[in-house]
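Thank you for making time this morning.

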Amino acid sequence: MQKQTILTGIRPTGHLHLGHYFGACQNWIKLQEKFDTYIEIADVQALTDNFNNPEKVRNSVKALAIDLLSIGIDPNKATLFIQSMIPEIAELTVFYSNLVTIARLERNPTVKTEIKQKKELFGESGESITYGFLGYPVSQAADITAFKGKLVPVGEDQLPLLEQCREIVHKFNNIYGKTLIEPEAYLSNSSRIKGLDGNEKMGKSLGNAIFLADDEATIKKKIMGAVTDPEKIKIDDPANPDICMVYYYHKLIGNDNIKTVCSECKAGKRGCVACKKELITKMIEFLKPISEKRKYYEKHPEIVDQILKDGTNKARQVASQTIKEVKQSMKINYFN
Ligand code: TRP
Ligand code: SF4
């Protein structure tokens, strides 16, 4: 039996952090065993936000590839590729853009939230919203359909983008005849990962993240500054681990000593400094296999390049078959 295809994407705008890992990427490692898996490094999409910062996007592409390989994405099981090297995605984006109204894009809840955030940053003028940015859900629909992705592993925040993709597919198939596959979201049960500061979301730009590539000194510094139960002043004050980020990360990385951490904290038998030191040791241990693989790939950039080239070639073959079918349906296949 042929494996089902799943496709997911990630914007290259920096290194992966624990939020990416536990929120999404860990799941991909499992999925690659069962599915024909495509992972897109979405540099074109990253440029919709960072068109004036091409260096950042460029430098993040290979860094992200190394992150993904280091956590266990296996190039023999998953196809890792670069979006801008698949021109068929750009072609599909143009064709699909006729099938989406501007009003519908402006109503997309994910886009709406992002526009709101931009207005907070740049003021009310709205001038910072480009055509490309408003249209990135169309380009994301092209990402998914180019590879005939049936399942799309994403977080909840991406559901409106998937809904928009389904609408485009539906409309395309209605007008031009059944050509495209309607994708479904494949929600991971892991939810959002909280930040070191207790914020509901760990985010690059929020300054509350532990990156998979952080060195030991950085991990130490970050964990020493993590938010604990503010009511706990003295070593022997009993505290509430449920509002403590140190406890949260002990749990997240699967500290097998977790019951003791909890009971000692509640009983006032554990100081926060010692508790943080234990977490630092466990965190470094947890990240060690990842950082060892990273060292290997950093020493052999030619291997990373080859993986990306091979993945992109394979992805391109699939996308070129799709574009053939699409052009045929749209009656713009002139000479065959
Ligand atoms: N929009 C996604 C994000 O910001 C990244 C992405 C690009 C994506 N193309 C995709 C996700 C295709 C799923 C499918 O995280
Ligand atoms: Fe948090 Fe540990 Fe301090 Fe309890 S003892 S508040 S779990 S850091």
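What you see is a predicted model, in which local features need pLDDT of at least 70 and side-chain atom pairs count only at pLDDT 80 or more, while totals for chains, interfaces and linings use all residues. Residues are numbered from 1 along each chain as its sequence is written, chains are lettered from A and ligands numbered from 1 in the order in which they are written, and side-chain values use heavy atoms, with hydrogens and water left out.

Let me begin with ligand 1, which is surrounded by 13 residues, the closest being Arg11, Gln45, Gln140, Asp143 and Gln158; a residue counts as near if one of its heavy atoms lies within 4 Å. Which side chains place a polar atom beside a nitrogen atom of ligand 1? For Gln45 the separation is 2.7 Å, for Asp143 it is 2.8 Å, and for Gln158 it is 3.0 Å, where a polar contact is a pair of N or O atoms within 3.5 Å. Taken alone, ligand 1 exposes 360 Å², and the protein buries 87% of that, with areas from the Shrake-Rupley method and a 1.4 Å probe. The shell around ligand 1 draws at least two residues from each of β1 (5–10), α8 (136–146) and β4 (151–154), these elements being DSSP runs numbered from the N terminus, helices (H or I) of at least four residues and strands (E) of at least two. By class, that shell has 5 nonpolar, 5 polar and 3 charged residues; Ala, Val, Leu, Ile, Met, Phe, Trp, Tyr, Cys and Pro count as nonpolar, Asp, Glu, Lys and Arg as charged, and the others, Gly among them, as polar.

Where does ligand 2 sit? Ligand 2 is placed in the largest cavity, in the sense that more than half of its atoms lie within 2 Å of the grid points. A cavity here is a set of points, on a 1 Å grid over the protein atoms alone, where a 1.4 Å probe fits but cannot get out; a pocket is an open set with protein on both sides within 12 Å along at least five of seven lines, and lining residues have an atom within 4 Å of a point. The residues around ligand 2 include Cys244, Cys265, Cys272 and Cys275, together with Asp229, Lys232 and Arg270, and α11 (245–252) and α13 (272–299) each give two or more residues to this shell.

The search of the whole structure finds 2 cavities of 30 Å³ or more, a volume being the space filled by probe spheres set on grid points joined across faces, edges and corners. The largest cavity has a volume of about 120 Å³, and of its 15 lining residues, Lys232, Cys244, Cys265, Cys272 and Cys275 are closest to its centre. The second largest cavity holds about 30 Å³, and the largest share of its lining, 4 residues, comes from α1; no charged residues are found in that lining.

Finally, the second largest pocket has a volume of about 460 Å³ and is lined by 23 residues, with Thr93, Tyr131, Gly132, Gly135 and Val138 nearest its centre. Its lining takes the most from α4, with 5 residues, and divides into 13 nonpolar, 10 polar and no charged residues.

Definitions and conventions: A polar contact is a pair of N or O atoms within 3.5 Å; within protein, one must be able to donate a hydrogen and the other to accept it, and residues adjacent in sequence count only if both atoms are side-chain atoms.
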